[in-house]
Amino acid sequence: IAVCEMPRRNYLAGRYIRCWSPDWQARLIHRQRTEWDVGHLPENRRPMPGFGIRRLRGPLLHGRAGGFTPTDLVDGVKMPSSAELLASNLARRGKRATLANLLFRPPATFLKYYILRGGILDGRLGLVIAYKTMIGVMLKYTALFAKELTRDDGDGAAR
C-alpha cells in the first residue's frame, strides 16, 4: 500500500455540511512508494507501479479551527487567485473554455451540490454553499477564457 484515503466529514459553523461530504483525502502516504505531481491542483498523488491505494472507512472530521467567520462563505480575496491557478491547470491539460463550459458548467455545478449532493437538506447554508461553488466554477472557466484570449500565438500578438 502506498496511499491511504479517508472520507472527510466537513463542518462549518459547527454544522455538518452534507454536500461537501464525503470528500476523499489522501492523508497517509508512503513517500518512497508514491509519485507526486505538484503541477496539478489539487496535488496528484499516485502509487508507483506495484503499490496500491486503500480506502479507510473511518472519517476525518474537518472543522475550521477558531470558529466560523463570515469570510468562510464570502472569501472574495481567495476565489479569483484560486480560479486563476485552476484555469492554468486546465490549460496545461489542454482543456478549453467552450461556450458549453461557460454556459452550462456553473448551473450544473449548482444543481450537483444543491440537489444531487444534498445541499437542499442543509437549508439556507446548503443554498449558499452550492451558490458559492457555482461562482468558483464560473470564475475558473472565465479565467480560462481570458487565458485563451490573451495567449500569444508566437507572432508577438495576442489572439
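The model is predicted, so local features need pLDDT of at least 70 and side-chain atom pairs count only at pLDDT 80 or more, while totals for chains, interfaces and linings use all residues. Residues are numbered from 1 along each chain as its sequence is written, and side-chain values use heavy atoms, leaving out hydrogens and water.

**Exercise 1. Get your bearings**

Task: find which secondary structure elements the protein chain has, and in what pattern.

Solution. Step two is the tally, which gives three helices and seven strands. Step three is to read along the sequence, where the pattern is β-β-β-β-β-β-β-α-α-α. Finally, turn to burial: buried means under 20% relative accessible area, exposed over 50%, and partly exposed in between (1.4 Å probe, protein chains only). Of the 159 residues in the protein chain, 30% are buried.

**Exercise 2. Follow helix α2**

Solution. Start with the rule: the expected span is 1.5 Å times one less than the number of residues. Beyond the helix comes G118, with a positive phi near 90°.

**Exercise 3. Do the same for helix α1**

Task: check the span of α1 and name its buried residues.

Solution. With 15 residues (78-92) at 1.5 Å a residue, α1 should span 21 Å; its end C-alpha atoms are 22 Å apart, and so the two values agree. Its buried residues are M79, A83, A87, S88, N89 and L90, and α3 is included in what covers them. Just after α1, G94 has a positive phi of about 85°.

**Exercise 4. Look at the rings**

Task: how many aromatic pairs are there, and where do charged ends sit over rings?

Solution. Rings of Phe, Tyr and Trp (its six-membered ring) pair if their centres lie within 6.5 Å; planes under 30 degrees apart are stacked, over 60 edge-to-face, and the rest tilted. By this rule there are two aromatic pairs. In one, Y11 and Y16 have ring centres 5.7 Å apart and planes at 55°, so this pair is tilted. Y11 is partly exposed, because its relative accessibility is 27%. The other, F110 and Y114, is stacked, at 5.4 Å centre to centre and 25° between the planes. Because F110 and Y114 are four residues apart in α2, about one helical turn separates them.

Now the charges: NZ of Lys or CZ of Arg must be within 6 Å of the ring centre and within 35 degrees of the ring normal. The charged end of R9 sits over the ring of Y16, 3.9 Å from its centre. Likewise, the charged end of R55 lies over the ring of W24, 3.9 Å from its centre.

**Exercise 5. Explore the core**

Task: which residues have the most contacts inside the largest nonpolar core, and what does A130 touch?

Solution. A nonpolar core is a set of buried Ala, Val, Leu, Ile, Met, Phe, Trp, Tyr and Cys residues joined through side-chain atoms within 4.5 Å. The largest has 13 residues, and L12, I17, L125 and I129 have the most contacts inside it. Both α2 and α3 give two or more residues to this core, with the largest share, five residues, coming from α3. A second, separate core has seven residues, including A87, L90, A97 and Y141.

Then inspect A130, which lies in α3 and is buried, with a relative accessible area of 0%. Contact means heavy atoms within 4.5 Å. Setting aside neighbours within four places in sequence, A130 contacts F110, Y113 and Y114.
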